[in-house]
Amino acid sequence: MVDPNSVNPVFESPITSTNSGSAGTSIGTSADQAALTLADESSLTKTLIRAEPRTKAERQLDVVFGASRLVDGVVISGQRPSEWLVIGEANDVSTFVDRIDREGHVSLVDHTHSRAMMRLTGLDASRVLEKVCSLDWSSEMTPNGAVVSASVAKVGCDIVRNDTFRHGSALASSAPTEVIPPSYWIACDRSFAQYLFDAILDAGQEFGLLPA
Amino acid sequence: MSGEFKPSRLGPQSGEVIDRSATIRFTWDSKVMTGFAGDTIASALMANGVRIVSRSMKYHRPRGYMTADYWDPNGFVQVGDDPNVRSGHRLLEPGMTIDPQNVWPSLDHDVKAANGFVGRFLTAGFYYKTFIRPQRLWPAFEKVLSTFAPGGTVDLDTPHRLHDKRYAHPDVVVAGGGPAGMAAAIAAAEAGARVMLVEHEHHLGGHLLWGSDEDRALAAKMRDAADVAGVEILTDSTVTGRYEDNWVSIVQRNHPLAVERLIKARATSLVVAPGLIERPYVFAGNDKPGVMLSGAVRRMINMYAVKPGSRAVVLTANADGDAAVADLRDVGVEVARVVDARAGENVASANGPGRTVESVTLGDGTSIDCDLLVTAVGWTAPTSLLNMAADRPVYDATAARFFPGGPIDTVLSTGGLTGDGTVEQLVEHGRATGRLAAERSAVAKHRIQAHTARAAPVSGDEPAWPHDLRAALGRDPHPELFRSTTHGIVDFSEDVSSKDLVGAAAEGFDSVELLKRFTTATMGPSQGKLETVNTVAVLAEARGETIEEVGTTVWRPPYAPITLGALAGRIFEPVRVSSIQPWHEANGAVDILAGAWKRPEHYGDPAAEVMNTRTNVGIIDVTPLGKLDLQGPDVPKLLSQLYTNKWMQLPVGSVRYGIMCAEDGVVLDDGVTARLGDEHYLMTTTSSGAATIWEWAENWLQTEHPEWQVHVTPVTTGLCSINIAGPNSRTLLGRLCPDIDLDPDAFPYMHVRTGTVAGVDDCIAWRIGFTGELSYEIHVPSGYGLHVWNALLDAGADLGIKPFGLEAQRIMRLEKGHFIVGQDTDGLTKAPSTGLAPLIKLDKDDFAGKAELGWALDEFASAESKAPRLVAIQPTDPTVVPHEASQIVRAGTNEILGRITSSRMSPTLGRSICLGQVAIDAAAPGTMLTIVLADGTRTTAEVMARHAHFDPEGERLRG
């Protein structure tokens, strides 16, 4: 007889990376140390908020479609009109989401388990993306903070260019921005995660892309 | 001339691109030879004395190098297992095995050359006319004629090589790396544009490379400047097409990792600077080895240090021909005669009883011994990329070539394509073009950026559109020289002669487009680069018209032929897996692909999996089941709109089954929806219908009822779904759910509860089933799916728990008589045919398909109804399992009454069972049907009273 209270659930990332073992159980920092890396950040908490125009929630979120911002340790990503993804550590997201006004037509769905998330970082990150996605990754068209939805290696993804903050805090704010390499969060349906991770790694081989 | 000349390697030349310190061994036609790094196959072969490199397509005439570059129609060879390699372009590599193509028994003695003796019968359209009748012999004709097909051989065992793909968004793409193209690229980059410079050949510089030392110095300087300016330089790459909005396709052939890479570039401006392509001259014997174009001779001498002949006649109509004379003399080739076309002189034929040129007959009848005839009679302007931007070239008789028709805003041209001039003039025109392209790109980018939500903000108003203030290049007069007084080959790739064209014109093919298709002129691998203008000129001459009146054929993509590998590029084949997949793979699951999902079909014995589930308890991973989270006060309205039954009063904690129909009443999907809270629902769809139903729901919300407050969010893979089925399922689940009361009264059939499963919070448990057993479907956050799966297996060890796969599930659902949308229904199956007419509630407000279903129900009730019925069927012989899709016919006839839609051997019942669609007059219970089996024999079967073959009263699932 199994004692239901004795079990200890462990979050399993959908991505098995050769360098990270059971990746996703913790967020590593080796991505910051290599020139071009792909890190599994699936374990970040993601909450989808949908709110109709002119609701208090919309004003609280204060991010337009196609943009993102860092606030109180979470990134608010304007994924689609009237739709935002709040990304961050569980406690930060929970705290933030609890403050969202529910007046009007507002809904929340926990996307932590629905969306896998990987971070592609490095000076050649956009060149890797050019091999798997048809969008223009130049800083004019996709600046830091930009949010897009696109097909990446034939998988529908939401991508946030997020150069300057990591894991809930700004990255070395004293560093000159020109030396901070571009960094992209790529979120996809969980079921595609391992395929996509492998496809991006394969595409990035010529630039020395490594799993973090 | 006596004795056949053999080309040879010259001493070092100041402009050579070969590295004499790097000797390369290779074989040609089984003979070992050597060349140098930097050699093309053509230059290496010529340096080894090879003059005949191929046989022509139709007549198998001996052919030698004519242009000695990418476009050479005579230079196709087999390199290892790689057929149709352009030897004028492909660089020599160590160990290459190079062979001639489509010759037998050898290049020197090819028996198919006998075609030449009957050549006068092989006129244009010969095949069309000769082999049209009798039609019954077409397969035989095909078999015989295919042996004459040109080209190399494909080894089907050749491993796939990597082809790659990338996207690019340069501000300016410059197609062509000659002086004007380089200048344009540098100027555009210096003006701040992101520039991609694409050169077809291996080196930037264009004709400067085989020009003077000063020319080469300029080319080198410009290459450096392009590097400094940050131009992305792609050599050995071709812009193969220009499409809407400057979508430009580029094939890169020299990528270090991939054999080819397709680049899909969205260029804000495109600069077309391909230079000019030297045109062959049409005269008798113009395809004999030893007849070369002036550019080919100059490339061979200056870039590859190859002596192309010992005694030459040069037909020249321009400065390039004159330069060829000088180059030949510089390397010790005797120039026996310069035939100056500008002075009215002409060449009538190239002669020789042997296979190569031995003499030339001039227009005045003079015969001159020689082993090399060089022609310089003008150029073709490769306006292809401009044509693809809707430009129609215009012929200028004074300059004897076509020019671009008119300006296009973001497609600019420069260089020889647009006019003549000194190198300095070409460079200046290129620079002006590059600046203009950059300025126009900046305006276009400003506009795009201002209208793109994610883009960085733009400053200021949109700049004014820059006008084209470039000074046009001049046009040098040039004699019109297309065909001599004799007939010769026009299309060297297809063996089409001027005589063929004249004959076709006489047959009435007076349009150049029709002439092209009838004769196949311009349709070979050269794609018109060498032969289009001559084709037009011969047709014009034959019809007594001008070239302007005849016009040209339209150049469509690709500019140069593309391999299928390049088009395929990097292959992406997404595969979806559930969070439990690692366990399936580690425990002997045999997978199938269902859509993009990889799923366990079984774990070795599906029949045993069925029996265990019916006896003990089984679990199946059903994560692919579509799941939609629905929130908002108007969810019941949406559900009522989508499903055919009623949804306004579904209590919290309840689950309801429904079918969805399209507007035409055809079954679209089915599934269950649970009410989790006052304004919170969870809908399940079929696995394959998940995306369709999400889109269907959004379509209703966004276009028909935007006033409804409903948020639909797909959560298919956010929730890992496990079905627990079998008599022991309640006991098993009870061991892992401390906060869900599983008592049948507290948690009855078709209800839903939320709670903790195996320590995982926020799980959803439905009491439903597809197998006919007492069963629960649990949905857990996917990150914990594998944990819950393992916990179930651990907790159920003493209950006989076993996993089961899709096949066992299919068997059990068929035993229970559940239909599968898309298998037991098709694109014509309306809801009443499935036996679910009671679920169609015409007394509710509008719903999808209501009108059509009303008519369908009336029609269904009619005695004359033609609508099929879905019925359960059992073969008389219980060991016979008809294949799915087997036809059901009326006994003793071939009249089709329907088909078997599902069939299996039932391990529970020990007999074969089926579902099938049959006509109304064969659908009554007890009706005996005749089924045509796969081997053509027939068997009988009985229509059953109910869909369920097993437990029709549902006692087990309600237990």
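How many residue pairs are in polar contact between chain A and chain B, counting those with both at pLDDT 80 or more? The count is 24. Keep in mind that this is a predicted model. The two chains bury about 4,300 Å² between them, and seven salt bridges run from chain A to chain B. Here's a quick tour of that contact, then of some charged pairs elsewhere.

**The contact between the chains**

- Chain A brings 52 residues to the contact, and chain B brings 54.
- Of the area buried between chain A and chain B, 59% is on carbon and sulfur atoms.
- Polar contacts link 24 residue pairs across the two chains, with both residues at pLDDT 80 or more.
- Looking at the chain A side, five elements each supply at least two residues that touch chain B: strands β2 (45-51), β6 (106-110) and β8 (147-152), plus helices α3 (125-132) and α4 (193-203).
- Sorted by class, that side of chain A has 27 nonpolar, 13 polar and 12 charged residues.

**Salt bridges from A to B**

- A:Lys131 pairs with B:Asp164 in a salt bridge, and their closest N and O atoms sit 2.8 Å apart.
- A:Asp136 and B:Arg194 also meet through their side chains in a salt bridge, at 3.8 Å from N to O.
- That pair joins two chains, because A:Asp136 lies in the loop between α3 and β8 of chain A, while B:Arg194 lies in the loop between α4 (179-190) and β11 (195-198) of chain B.
- Is A:Asp136 buried or exposed? Its relative accessibility is 11%, so A:Asp136 counts as buried.
- B:Arg194, on the other hand, has 31% relative accessibility and counts as partly exposed.
- There's a salt-bridge network to look at too: A:Arg50, A:Arg80, A:Glu83, A:Arg115, A:Asp158 and B:Glu698 are linked in it.

**A closer look at A:Glu130**

- A:Glu130 is found in helix α3 of chain A, one of the elements that supply residues to the side touching chain B.
- With 18% relative accessibility, A:Glu130 counts as buried, since the cut-off for buried is under 20%.
- Its side chain makes a polar contact with the side chain of B:Arg166, at 3.3 Å.
- Setting aside neighbours within four places in sequence, A:Glu130 is in contact with A:Trp137 from chain A, and with B:Arg166, B:Tyr167 and B:Ala168 from chain B.

**Salt bridges within chain B**

- Over all chains, the salt bridge count comes to 65.
- B:Arg355 and B:Asp108 form a salt bridge, with 3.1 Å between the closest N and O atoms.
- This pair links distant parts of the chain, 247 residues apart: B:Arg355 is in the loop between β22 (347-351) and β23 (359-362), and B:Asp108 is in the loop between β8 (97-99) and α2 (126-130).
- B:Arg355 is partly exposed at a relative accessible area of 30%, and B:Asp108 is partly exposed at 41%.
- B:Glu545 and B:Arg543 form a salt bridge as well, their closest N and O atoms being 3.5 Å apart.
- Both residues count as partly exposed: B:Glu545 at 29% relative accessibility and B:Arg543 at 35%.

**Confidence in chain A**

- Chain A has a mean pLDDT of 87, and 82% of its residues reach 70 or more.
- Which stretch of chain A has pLDDT under 50? That's residues 19-33, for which the model has 25 contacts beyond four places in sequence.

How values were computed:
Residues numbered from 1 in each chain as written. Chains lettered and ligands numbered in written order. Heavy atoms only, no water. Contact = heavy atoms within 4.5 Å. Buried area = accessible area lost by both parts, 1.4 Å probe. Salt bridge = Lys/Arg side-chain N within 4 Å of Asp/Glu carboxyl O. Polar contact = N/O pair within 3.5 Å; in protein donor to acceptor, adjacent residues only side chain to side chain. Helix = DSSP H or I, 4+ residues; strand = E, 2+ residues; numbered from the N terminus. Nonpolar A, V, L, I, M, F, W, Y, C, P; charged D, E, K, R; others polar. pLDDT = per-residue confidence, 0-100. Buried < 20%, exposed > 50% of the residue type's maximum accessible area, 1.4 Å probe, protein only.
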